[in-house]
Structures are given as structure tokens and as C-alpha cells.
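Subject: Structure handover

Hello,

Here is the structure I promised to pass on. Please load it first, then read my notes below.

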Amino acid sequence: GTQYDEGTEVPIKFPQVKQFLSDSDFVLVSPMTGFDLNLKTMRHIKELAKCPIYLDYHILALDRDPLGNRFLRRRNNWFMWCTACDHLQLNKFEAESLCLFPIDSEEAMLHFARPILEAGVKSVAVTLGENGVFVCWKEQKVDIQVKKIEPIPIQFADATGAGDVFATGFIVNFIKTGDFLD
């Protein structure tokens with residue numbers, strides 16, 4: 001293989017997205033390379049958007065070796081990324097790479113999500129593939145809640161884009177109903 005040239009990727013700057021924030025119903029941030037935007041831009045989006053921000057952490061959990069191959073890694077500033085949104089989505093492997101323990105129960109999910117929710121995020125979803133999803137949220141005057149939502153049986157074909165489909169389904173339904181568990 002050839003050496004990967006990290007300098008070829010130019011992040012999106014805040015002025016490029018600012019124009020879309022004033023009249024949006026929802027903003028979905030789903031980085032494709034992990035270098036799409038920097039944390040400063042993400043925090044500006046969160047600060048100035050007049051609508052909810054949904055972050056699919058996915059590719060932010062990965063890095064590249066010198067040949068450009070992806071591998072799981074824990075960013076030093078992962079918590080700042082995870083709290084620069086209103087709704088956070090990760091898959092099980094991504095979440096476990098951050099908290100460094102298995103997310104295999106509602107109790108473990110609660111332990112992972114609690115500091116994120118206490119920092120102001122409204123919901124945290126950890127997708128479990130064919131095993132459904134854990135969701136945590138904080139209700140007013142109630143402690144943090146956690147629920148495992150069982151999957152709807154489907155004919156599995158390919159996981160490519162599954163996180164984007166999950167995020168899109170969440171956003172469309174949330175806009176219609178205001179219920180993130182529905």
C-alpha cells in the first residue's frame with residue numbers, strides 16, 4: 001500500500017454551515033471521515049442552532065494508521081464531542097471504546113450515559129445491532145431513565161448506512177411526535 005496523506009482532508013468551517021442553522025427543524029451531524037469538522041465548529045453549531053442537534057458519533061471513534069486503514073481509538077476529547085449535541089448515538093463498540101467496560105445491561109448503559117446526560121444532552125442511544133438499542137434520558141424532576149428497546153424483526157442484508165437510517169428515523173419521528181422513545 002501507499003502512505004496515507006492526512007493533509008488531504010479539509011474540515012468544514014462554521015461559516016459554511018451557519019446559514020442553515022436559523023431555519024432548520026433538526027441538525028444531523030454524521031461525520032463521514034472523522035475529519036469533516038473540528039470540535040470548535042461542532043460546539044459553535046450547538047451554541048447557535050435554534051433546533052435540536054443529533055450527533056452520530058460513529059466515525060469519530062476511529063483513527064487511521066499510516067496506510068489509511070481504520071482502527072478503533074478513544075479520543076482524548078471524546079466527552080466534549082459527546083456533549084456538543086442534544087441527542088447522541090453510538091453503536092455498542094464505539095460506546096465501549098469510550099467507557100472501557102461492556103455495555104451489556106441497563107445498569108452499564110446508565111453508568112455510561114449518566115455523565116453525558118448530566119452535562120445537558122437530552123438522550124443517549126447505544127445501538128446493539130440485532131439486539132435492539134439502549135436509550136437513556138433525563139426527565140424533569142425524575143432521575144435518569146434507561147430502557148432497552150427490542151428490535152423489530154427484519155431480513156438483514158447489509159449494515160452499511162444502518163446508523164444513518166436509525167438517526168433519520170429517530171429525527172423524522174421526533175419532529176412528528178416529540179417522543180424520542182417512540
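This is a predicted model: local features need pLDDT of at least 70, side-chain atom pairs count only at pLDDT 80 or more; totals for chains, interfaces and linings use all residues.

A residue counts as buried when its relative accessible area is under 20%, and as exposed when that area is over 50%.

**Strand β2**

Strand β2 covers residues 53-56, and both of its faces are covered. On one side, Ile-53 and Leu-55 are buried.

β2 has partners to follow up. Strand β1, residues 27-29, pairs with β2 in the parallel sense over three bridges. Within that pairing, Leu-28 stands opposite Tyr-54. Three bridges also join β2 to β5, and these two strands run parallel. Here Asp-56 stands opposite Gln-89.

Strand β5 spans residues 87-91 and is mostly covered, with four of its five residues buried. Five bridges join β5 to β6 in a parallel arrangement. His-87 has Ser-123 of β6 as its bridge partner.

The next pairing has the antiparallel sense. Strand β6 (residues 123-127) and β7 pair that way over five bridges. Val-124 stands opposite Cys-136 in β7. Five residues lie between the strands of this hairpin, and Gly-129 takes a positive phi near 60°.

How much of strand β7 is buried? Five of the six residues in 133-138 are, so β7 is largely enclosed by the rest of the structure.

β7 also pairs with strand β8, residues 144-149, in the antiparallel sense over six bridges. Val-133 has Ile-149 of β8 as its bridge partner. The hairpin of β7 and β8 has five residues between its strands. In that hairpin, Lys-141 takes a positive phi near 60°.

**Leu-100**

Leu-100 sits in the loop between α4 (92-99) and α5 (106-118). Is Leu-100 buried or exposed? Its relative accessible area is 61%; that is over the 50% cut-off, so Leu-100 is exposed. Phi of Leu-100 is near 65°, a positive value in a residue other than glycine. Leu-100 and Arg-74 are 26 residues apart in sequence. In space, their C-alpha atoms are 9.3 Å apart.

**Asp-182**

Asp-182 lies in the segment after α6 (162-177). With a relative accessible area of 59%, again over 50%, Asp-182 is exposed. Which residues does Asp-182 contact, leaving aside its neighbours within four places in sequence? They are Asn-173 and Thr-177.

**The whole chain**

Now the overall picture. The protein has six helices and eight strands. Along the sequence they follow the pattern α-β-α-β-β-β-α-β-α-α-β-β-β-α.

Is the chain compact or extended in its radius of gyration? A compact globule of 182 residues would have a radius near 16 Å; the protein has 17 Å, which agrees. The C-alpha atoms fill a box of roughly 50 × 35 × 35 Å along the principal axes.

Buried residues make up 40% of the 182 residues. Consider contacts with a separation of 6 or more: residues 24 or more positions apart account for 63% of them.

The protein exposes about 10,700 Å², and carbon and sulfur atoms supply 55% of that area. There are 19 positive and 25 negative charges. Their mean positions are 7 Å apart.

**Where to look**

- β7, for its antiparallel pairings with β6 and with β8.
- Leu-100, for its positive phi near 65°.
- Asp-182, for its contacts with Asn-173 and Thr-177.

Best regards

How values were computed. Residues are numbered from 1 along each chain as its sequence is written. Side-chain values use heavy atoms; hydrogens and water are left out. The radius of gyration is taken over C-alpha atoms; the globule rule is 2.2 Å times the number of residues to the power 0.38. Buried means under 20% relative accessible area, exposed over 50%, partly exposed in between (1.4 Å probe, protein chains only). Contact means heavy atoms within 4.5 Å. Accessible areas come from the Shrake-Rupley method with a 1.4 Å probe; for residues, only the protein chains shown count as cover. Lys and Arg count as positive and Asp and Glu as negative; His and the chain ends are not counted. The place of a charge is taken as NZ of Lys, CZ of Arg, CG of Asp or CD of Glu. Two strands pair if DSSP finds at least two bridges between them.
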